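Morning, everyone. Please have the sequence and the model open on your screens. I'll go through the aromatic rings, then the sheet, then the helices.

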Amino acid sequence: MAEWRDYIRVALKDRIVEDVAIVGLYDNRAVWAAKPGGFLAAISHTEIEFLTGKERGRILQTGVTVGGHKAAVIRDQMEGPDSEIHFIDLRTKDKEGLSLTVGQTSKTLVFLMGKRGVHGGIVNKKACQIVKYLCERGA
């Protein structure tokens, strides 16, 4: 497996991406790699637990916190058949209202945040491409 920071570097080359992080899902639930200085580098164990928890209705009602920033849930597809890509689309609740997609592989969560003005569908597509690529390589 390539270094996780290489995936971060490649994702940041895309002009739509503001911030990105890869988080371990099962072993230690910690940030494995992230954009230096980005707020996604501060994702906590508690935030990961809430995002991946079984209380999907509560997530839709209350929103989530990612890297200490509140976000509203736009679309939740974190559950479903294993043949599908699992993700959740969010929008930050700050004045910029940035789009954020969290995609899930068997071992990781991929957090991808778009730059200001980038439509959430474009961020989702990019995040799902990364997740699909990682799934194909067993990550």
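**Rings, sheet, helices**

Start with the aromatics: W4, Y7, W32 and Y133 are joined into a cluster by ring pairs. Keep in mind that this is a predicted model. The count of aromatic pairs comes to three.

Take W4 and Y7. Their rings form a tilted pair, 5.4 Å centre to centre, with 40° between the planes. Why are these two residues separated by about one helical turn? Because they are three residues apart in helix α1, residues 4-13. Both W4 and Y7 are buried.

W4 also pairs with W32. That pair is tilted too, at 5.4 Å centre to centre and 40° between the planes. What does it link? Distant parts of the chain: W4 sits in helix α1, W32 in strand β2, and they are 28 residues apart.

Now, is W4 buried or exposed? W4 has 17% relative accessibility, and the cut-off for buried is under 20%, so W4 counts as buried. W32 has a relative accessible area of 32%, so W32 is partly exposed.

On to the sheet. What is the strand order? It reads β2-β1-β7-β6-β5-β4-β3. That is an open sheet of seven strands, and the pairing is antiparallel. Which strands are at the edges? They are β2, residues 31-34, and β3, residues 64-66. Each of these pairs on one side only. Ignoring direction, neighbouring strands in this sheet are turned by 30° against each other on average.

So W32, from the ring cluster, lies in an edge strand, β2.

β3 pairs with β4, residues 69-77, in the antiparallel sense. Three bridges connect them. In that pairing, V66 stands opposite H69 of β4.

Last, the helices on the sheet. Helix α2 covers residues 45-52. Which strands does α2 lie across? β1 (17-24), β3, β5 (86-92), β6 (99-104) and β7 (108-114). Relative to β3, α2 runs at about 140°.

Then helix α4, residues 120-136. α4 packs on the sheet and touches β4, β5, β6 and β7. The direction of α4 makes about 150° with that of β7.

To recap: a ring cluster of W4, Y7, W32 and Y133, an open sheet of seven strands, helix α2 lying across strands that include β1 and β3, and helix α4 packed on the sheet. Over to you.

Conventions: Residues numbered from 1 in each chain as written. Predicted model: local features only at pLDDT ≥ 70, side-chain atom pairs only at ≥ 80, totals over all residues. Heavy atoms only, no water. Pairing = 2+ DSSP bridges. Helix = DSSP H or I, 4+ residues; strand = E, 2+ residues; numbered from the N terminus. Axes fitted to C-alpha atoms, helices over the stretch in contact; angles between N-to-C directions. Contact = heavy atoms within 4.5 Å. Phe/Tyr/Trp six-rings, centres within 6.5 Å; stacked < 30°, edge-to-face > 60°. Buried < 20%, exposed > 50% of the residue type's maximum accessible area, 1.4 Å probe, protein only.
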